[in-house]
Every structure is written in C-alpha cells, then in structure tokens.
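This report considers the salt bridges of one structure and then turns to the pairing of its strands.

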Amino acid sequence: QVQFVESGGGLVQPGGSLRLSCAASGRIFSIYAMGWYRQSPGKQRELVAAIGSGGSTNYVDSVKGRFTISRDNAKNTVHLQMNSLKVEDTAVYYCRAGVGLQISFPVGSWGQGTQVTVSS
C-alpha cells in the first residue's frame, strides 16, 4: 500500500513563498505520475499540479507561473515550490500518485495533508 506524507505548509503573507514536500512509500514510486491537490473549506479537492514519470508537468491555470512541481525518484519525493502566494491559495495540500497528468486510477490513500494559510 502506497502512503504519502506531506510537509512544509505554514502561515505566509501574500506574495510570500513556501516549498511543500511529499514523501511516498513504495518501490514503484518512479513509474507513476505525481500530483499535488488542494482543498479549502466548502470546496472540492482540486488537482493543481502534476508531474509525469518522465518529468512532463501540468498546472491548473490559477497557479501557472507561480507554482513549480518537481520530483526526486531516488528519494521517492515530490515537491511543490509556491511563489507569489495569494490568499486564495489557502488550503490543505495533498499529494497522490496515479496514471498520467490527470492522476487517473490513483494509488494508495490520502495522507493527512499540509495546511497552507496565506494571510496578512
């Protein structure tokens, strides 16, 4: 069973930066695409960034140019560098593995997530 542990969240002012990390268990990490999701109160969880096994990436329009996803297959980790943060980026952020940049057929289970709060 693949499991995910997210970290790196916190409180930051608008315009600030954070770098999230996700550690995944399991030797099959490198064959899957990885995605970062977020969920804020009253809203559905949304996929904001994904990276394929070969390094291709995809972002939701609202974070393009501000967020960068990367992965380290040797360490079974995926990161999300978030710059120019906005109040509307406030959410709990999760990672997940799956097939393709839409993270289809997701594997494992949701971790606890990491809270990102953007506020002045």
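Glu46 and Arg38 are joined through their side chains by a salt bridge, with an N to O distance of 2.8 Å; the term denotes a side-chain nitrogen of Lys or Arg within 4 Å of a carboxyl oxygen of Asp or Glu. The model is a predicted one, in which local features need pLDDT of at least 70, side-chain atom pairs count only at pLDDT 80 or more, and totals for chains, interfaces and linings use all residues. Residues are numbered from 1 along each chain as its sequence is written, and side-chain values use heavy atoms, with hydrogens and water left out.

Arg38 is buried, at a relative accessible area of 8%, whereas Glu46 is partly exposed, at 29%. Buried here means under 20% relative accessible area, exposed means over 50%, and partly exposed lies in between, with a 1.4 Å probe and protein chains only.

Arg38 also forms a salt bridge with Asp89, the closest N and O atoms being 2.9 Å apart. Because Asp89 lies in the loop between β8 and β9 (91–99) and Arg38 in strand β4 (residues 33–39), this pair ties together parts that are 51 residues apart in sequence. Asp89 and Arg38 are both buried. A network of salt bridges links Arg38, Glu46, Arg66 and Asp89.

Elsewhere, Lys64 forms a salt bridge with Asp61. Lys64 is partly exposed, with a relative accessible area of 47%, while Asp61 is exposed, at 61%. The whole structure contains four salt bridges, including those tabulated below.

| Salt bridge | Closest N and O atoms |
|---|---|
| Asp89 and Arg38 | 2.9 Å |
| Lys64 and Asp61 | 3.0 Å |

The strands come next. Four of them form an open sheet in the order β1-β3-β8-β7, with antiparallel pairing. Strands are DSSP runs of E with at least two residues, numbered from the N terminus, and two strands pair if DSSP finds at least two bridges between them. At the edges are β1 (4–7) and β7 (67–72), each of which pairs on one side only. From one strand to the next, the twist averages 15°, where axes are lines fitted to C-alpha atoms and angles run from 0 to 180 degrees between N-to-C directions.

Strand β3 (residues 18–24) is joined to strand β8 (residues 77–82) by six bridges, and the two run antiparallel. Here Leu18 stands opposite Met82 in β8. With β1, strand β3 pairs in the antiparallel sense over four bridges; Ser21 in β3 is the bridge partner of Ser7. Five of the seven residues of β3 are buried.
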